[in-house]
Amino acid sequence: MLTAKQTRESFKDFFISKHHRIVPSAPMVIKGDPTLMFTNAGMNQFKDIILGNVANKYPRIADSQKCLRVSGKHNDLEEVGHDTYHHTMFEMLGNWSFGDYFKSEAIDWAWEYLTGILKLSPDRLYATIFEGSPSENLEEDAEAAGYWAKHLPASRILKGNKKDNFWEMGDTGPCGPCSEIHIDIRPESERSIIDGAELVNKDHPQVIEIWNLVFMQYNRKADKSLEPLPAKVIDTGMGFERLCMAIQGKTSNYDTDIFQPIIRQISTLTGYTYGAETSKDIAMRVIADHIRTIAFSITDGQLPSNAKAGYVIRRILRRAVRYGYTFLDRREAFMYRLLPILIETMGDAYPELEEQKTLIEKVIKEEEEAFLRTLENGIRLLDKKIEEAKATSSNKLSGADTFILYDTFGFPLDLTELILREHGMEADIDGFNIEMQKQKERARNAAAIEADDWVIIKEGESKFVGYDYTETETEIIRYRKIKQKNKELYQLVLSQTPFYAEKGGQVGDTGQLISDNEKINIIDTKSENNLSIHLSDTLPEDLTSTFIAHINEHKRIQCECNHSGTHLLHEALREVLGTHVEQRGSYVSPESLRFDFSHFSKVTDEELRKIERIVGEKIRADYKLEEHRSMPIAKAREIGAMALFGEKYGDEVRVIKYGSSIELCGGTHIPSTGMIGTLRIISESSIAAGVRRIEAVTADNAEEYFFRQQDILREIRGMMNNMPNLVQTIKKSIDENAELKRQLEEYLKEKAALLKKDILSHSELRNGVRLIRYIGDIPAEILKEIAFRIKSELKDSFVFVAGTENNLKPTILLMLSDDLVSSGSNAAQLIKDNARHIQGGGGGQPHFATAGGKNPDGLLIAVESIIETLGLK
């Protein structure tokens, strides 16, 4: 029986024997593709080749690709862990042909590998082929059926509909029929009763798809019509985890040697045995699955955050934490302790896990601890909402409150329902679903882009000349209209362009396209599928004209100062803080630079000053730019070039060198460091566990920063009567203010004591309860002090209700004795009900609550209403 490691290598070895080039996995986190956040299929890294935007170096390729899916067919995140064969992160074994072999070889080699190399039983295998679609004039894929007939009887060659057997990259783009290979791993006793052919594509956990062979032969246009692809593509994908399950004779992916070492470690850490209780088994599977996703995302440069891809990773991490919290009684961080066993099982194939081990552990541990605190806060909020509902005799938590718990505190609906059931309550599911739908609509509307088909003006490829020129003669080779947020824009592709397209953290260029008859503003430049896309709000009248493409040079130079500044800053950080410092992200605009880096403590003021001094020395040294545009990556690493984790590099790379600073970089840079002028750090902060952020300015913006600081200092000096020792003068003023504040607090306490005595002297005994009432203009904070003094002094039943107006702002306040609260009275509810009289709102605890408002005339009515409700009128 092959192990998972042996299986992975056997796949690569097999396709090497078929003259395929083995390429490394692309990062799981995608950069530079606006349509995807994560690699969700093996073909993603070859998308540019398939679309014809990039020339292919190798006609045959194979690999094992890290993938992540959290939505789509069978990939609802909330279902992962509940069955035996779906995951968030998974590996996809695949082989590709770009204009080389096609259906015959793809089918023959798949069969040879599965039955000849892996020795899977041929009589347990089934193949599906596309049945055709008359509505689209697509015929049945008889060609694929014919090739399968060499290996399988007709009874195990099944026809599938468009949903299962016609693959599409998206709404537009390459597509074609596909042929799925399914395996029946049920015991013979079950197979003899029901034929496996009846269970293919029926979601049976032991009759599953393991390999999909996609035959890309069409291009889907925006009007939904199909046209033949000029170069046909083979794209296959085999689920590694499912394959190992079949090879190792298991009925669950989680029982293979991919997951079992992790599950055994979870069992050791929690003290629970896997297989003993369903709910705990699910929790262990969730954690075993999610730890892989989280660790690989961090190695690829994506940290948990509250936006976009970072939000997805944080949501996955928090799902694992709450399963540990709810079902495995984990009240402290523990998932980070699973990393060594993950490295043991996957580190050989993915050495970046070991290289980034310290950072991964730190990030996961701090995220776990933060969410455990959030969980506790969420439970307190839920307790409060339960108490409020019971006070109004309601047994249902509103959909809005249920959604807040889900969205803000990470509570899954089932956890909220579980806690509510313990209190004899339920959640408003319909209301929750409405809120969820609203959020989805907001997200969809914000991201939706409607795009027409590309209109080809002339054939040709686009060439970037912006490293050497700021303007060039060019032609439009294609364009399309897009609509985003109800605004029509145009995307233009030029034959050659000086415009840098946004990537690598550097924003895109702006500028103009100039012809004899018109000027077209380019408002942004983006990179999409390796094409430089120029965005304009106007389409040229004559699309066949020759244009001068001219960038905004001032903005470009400002960007270059900041970009080159990040390189010098990176080197200085490593010199001052240590070589563990590595870039984790950056943002470079004409106004400023932002640099994220790995480091586990706050950078001190002294260290920041030293870093600035080192960068300043490098700027004044006026190092000339040394650029190597096509250096072999092995040579680049040999000379010490810094690479960025999570980036996909080719065989040849661009190297940027200023003095001893050497980095792999595709951005634009200044000719010499002296042009930066100066670099000033304006902030340093933490953005995630083990990751710090520096924001800085250079050149003109650094000067403006200096001027603003000087203006502020001059203004402060004026406020302090231009005293010579400004710091000492400010310190003295602060000390004097603190002393005056202390004296005022003492005075207010004395005043509160006197007022309390006067208020108590006017109290009345009604129905065995002492009623203490006040209407006046005492500041609300003094009334609060009085309320708590009364509570500490009085032992019998009392009600203190007050209304006060201060600076035209009305406030009502209510304090109840403990026995009244125990008998069912609730200050928070009474205040909430009567705040309307002063056109305001408020709340608090059952024994004490306050409300502020806008209508002082309603104070007396509110106070009297509260007294009447308490039966003390």
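## Exercises on a predicted model

Helix 3 of this predicted model covers residues 103-117, and its 15 residues reach 20 Å from the first C-alpha to the last, close to the 21 Å expected at 1.5 Å a residue.

**Exercise 1.** List the buried residues of helix 3.

Solution.
- Step 1: Buried means under 20% relative accessible area.
- Step 2: The residues of helix 3 that are buried are K103, A106, I107, W109, A110, W111, Y113, L114 and T115.
- Step 3: An α-helix has 3.6 residues a turn, so residues three or four places apart point the same way.

**Exercise 2.** Find what follows helix 3, and state whether K119 is buried or exposed.

Solution.
- Step 1: Helix 3 is followed by K119, which lies in the loop between helix 3 and strand 4 (125-130).
- Step 2: The phi of K119 is positive, near 65°, in a residue other than glycine.
- Step 3: The relative accessible area of K119 is 64%; exposed means over 50%, so K119 is exposed.

**Exercise 3.** Apply the steps to D622, which has a positive phi although it is not a glycine.

Solution.
- Step 1: D622 is found in the loop between helix 18 (605-620) and strand 25 (626-632).
- Step 2: Its phi is about 55°.
- Step 3: With a relative accessible area of 29%, D622 is partly exposed.

**Exercise 4.** Describe how strand 28 and strand 29 are joined.

Solution.
- Step 1: Strand 28 (residues 679-688) and strand 29 (residues 691-698) run antiparallel and are joined by eight bridges.
- Step 2: Opposite S685 stands R693 in strand 29.
- Step 3: The two strands form a hairpin with two residues between them, and G690 in the turn has a positive phi of about 75°.

Note on methods
Residues are numbered from 1 along each chain as its sequence is written. This is a predicted model: local features need pLDDT of at least 70, side-chain atom pairs count only at pLDDT 80 or more; totals for chains, interfaces and linings use all residues. Side-chain values use heavy atoms; hydrogens and water are left out. Helices (H or I, at least four residues) and strands (E, at least two) are DSSP runs, numbered from the N terminus. The expected span of a helix is 1.5 Å times one less than its number of residues. Buried means under 20% relative accessible area, exposed over 50%, partly exposed in between (1.4 Å probe, protein chains only). Two strands pair if DSSP finds at least two bridges between them.
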